[in-house]
Amino acid sequence: MNNLINKLYNEHNLSDDELIQIIETNELDNELHISADKIRREIYGDKVFIRGLIEFSNYCKNNCYYCGIRRDNKKAVRYRLSKEQILNCCKEGYSLGFRTFVLQSGEDPYYNDDLMIDIVSSIRHNHPDCAITLSLGEKTKESYKAFFDVGANRYLLRHETASPEHYRKLHPESMSLENRKQCLFNLKEIGYQVGSGFMVGSPFQTTENLIEDLRFLQKLKPDMIGIGPYITHEETPFSNQKSGSVELTLRLLSILRLMFPYVLLPATTALGTLHKQGRELGLKAGANVLMPNLSPVNVRKFYDIYDNKICTGEEAAQCKGCLEKRVSAAGYRIVVDRGDVEK
């Protein structure tokens with residue numbers, strides 16, 4: 001085994017200079033992916049956990065420069081799901097074997113605390129054996145606590161970049177990296193299983209920025225880490241920027257698995273969008289989570305945070321059946337349980 005990979009495998013850490021070396025070379029990729037797969041199999045075996053994703057609103061008050069559902073995208077076709085529609089998505093997902101639901105939206109003030117408390121408590125009542133994950137953006141600690149108290153278990157909030165300088169290039173002045181990071185620590189303090197993560201290859205990103213991301217995650221110690229290649233959207237200020245690299249994303253997935261052996265690590269839709277075998281390659285690089293879409297088919301194409309997103313026309317059952325075959329062909333198996341983190 002290469003000395004750098006051996007050190008990462010055994011110590012789960014490298015110096016900044018060593019990380020630069022491993023991030024900036026592709027010569028170690030094959031060995032890196034094999035080592036990451038080995039360590040994930042030691043902890044999770046060949047299990048792949050599935051999360052039922054419900055994208056319930058594409059309204060967003062924010063204006064992030066990279067995102068297709070940003071407030072100033074006047075061409076976006078906006079939608080909101082009612083409580084009843086969300087509960088129906090969960091009901092269908094449950095019948096298909098999903099035991100984790102991920103409720104994701106833009107930062108939409110329409111869904112105030114009272115409405116979200118009603119929705120979360122209803123899902124908890126209907127499906128007491130399931131995990132409820134929220135991905136609603138930045139909220140007050142009091143709001144997070146209120147959702148937790150009625151049954152939410154997990155919260156996903158990508159930090160996107162841990163570098164203040166890089167953050168400023170991706171977001172308007174009204175947004176704050178400091179606040180976003182504080183939200184993550186608030187969520188941990190409340191008792192959530194917390195997920196964070198970052199885009200790979202976002203505009204102006206440097207290797208040093210990626211190392212800052214890894215160091216921030218070491219400080220946060222999240223239960224889940226979601227990364228995916230940045231993909232451009234034509235109705236954003238970054239429409240002329242190039243998308244991120246599948247190869248670099250896979251390399252970082254393996255680095256994350258070796259640095260955080262226990263972590264729940266998705267093979268994201270963005271990977272599958274840039275490469276037809278992207279999610280399978282993600283699994284082979286150390287990922288162990290997939291998030292098929294349970295949203296109503298007629299709204300899926302409107303949750304377009306980037307261009308050419310895959311799986312917007314498949315029924316949930318079709319999508320799950322297709323994934324099971326693909327996961328099996330890659331040498332893993334989808335399991336039907338909550339898929340809690342193993343520590």
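This is a predicted model: local features need pLDDT of at least 70, side-chain atom pairs count only at pLDDT 80 or more; totals for chains, interfaces and linings use all residues.
Mentor: Happy to; we'll go through the sheets, then some helices, then the cysteines.

Trainee: What is the strand order in the six-stranded sheet?
Mentor: The order is β2-β3-β4-β5-β6-β7, in an open sheet with parallel pairing. Strands (E, at least two residues) and helices (H or I, at least four) are DSSP runs numbered from the N terminus, and two strands pair if DSSP finds at least two bridges between them.

Trainee: Which strands are at the edges?
Mentor: They are β2 (52–57) and β7 (224–229), each pairing on one side only. On average, neighbouring strands of this sheet are turned by 20° against each other, ignoring direction.

Trainee: Is β2 mostly covered or mostly open?
Mentor: Mostly covered: six of its six residues are buried. Buried means under 20% relative accessible area, exposed means over 50%, and partly exposed is in between, using a 1.4 Å probe and protein chains only.

Trainee: How many bridges join β2 to β3?
Mentor: Five, and β3 (residues 100–105) runs parallel to β2. In that pairing, Glu55 sits opposite Gln104 of β3. Between β2 and β3 the chain passes through helix α4 (residues 83–96), making a right-handed β-α-β crossover. Right-handed here means that, with the strands pointing away from you, the path from the first strand over the helix to the second runs clockwise.

Trainee: And what about the β7 end?
Mentor: Strand β6 (residues 193–200) pairs with β7 in the parallel sense over six bridges, and Gly197 has Gly226 in β7 as its bridge partner. Helix α8 (residues 177–190) packs on the sheet, touching β5 (154–156) and β6, at about 155° to β6. Helix α9 (residues 207–220) touches β6 and β7, and its direction makes about 175° with that of β6. Contact means heavy atoms within 4.5 Å; axes are lines fitted to C-alpha atoms, for helices over the stretch in contact, and angles run from 0 to 180 degrees between N-to-C directions.

Trainee: What does α6 do next to α8?
Mentor: Helix α6 (residues 141–149) packs with α8 at an angle of about 35°, their axes 10 Å apart. Residues in α6 such as Tyr144 and Phe148 are among those that meet a group in α8 including Cys183 and Leu187.

Trainee: Switching topic: what is the order in the three-stranded sheet?
Mentor: That open sheet runs β8-β1-β9, with parallel pairing. β8 (289–290) and β9 (333–335) are at the edges with a single partner strand each, so one side of each has no neighbour in the sheet. Three bridges join β1 (residues 47–50) to β9, and Lys47 stands opposite Arg333 in β9. Helix α14 (residues 316–330) lies across β1, β8 and β9, at about 135° to β9.

Methods
Residues are numbered from 1 along each chain as its sequence is written. Side-chain values use heavy atoms; hydrogens and water are left out.
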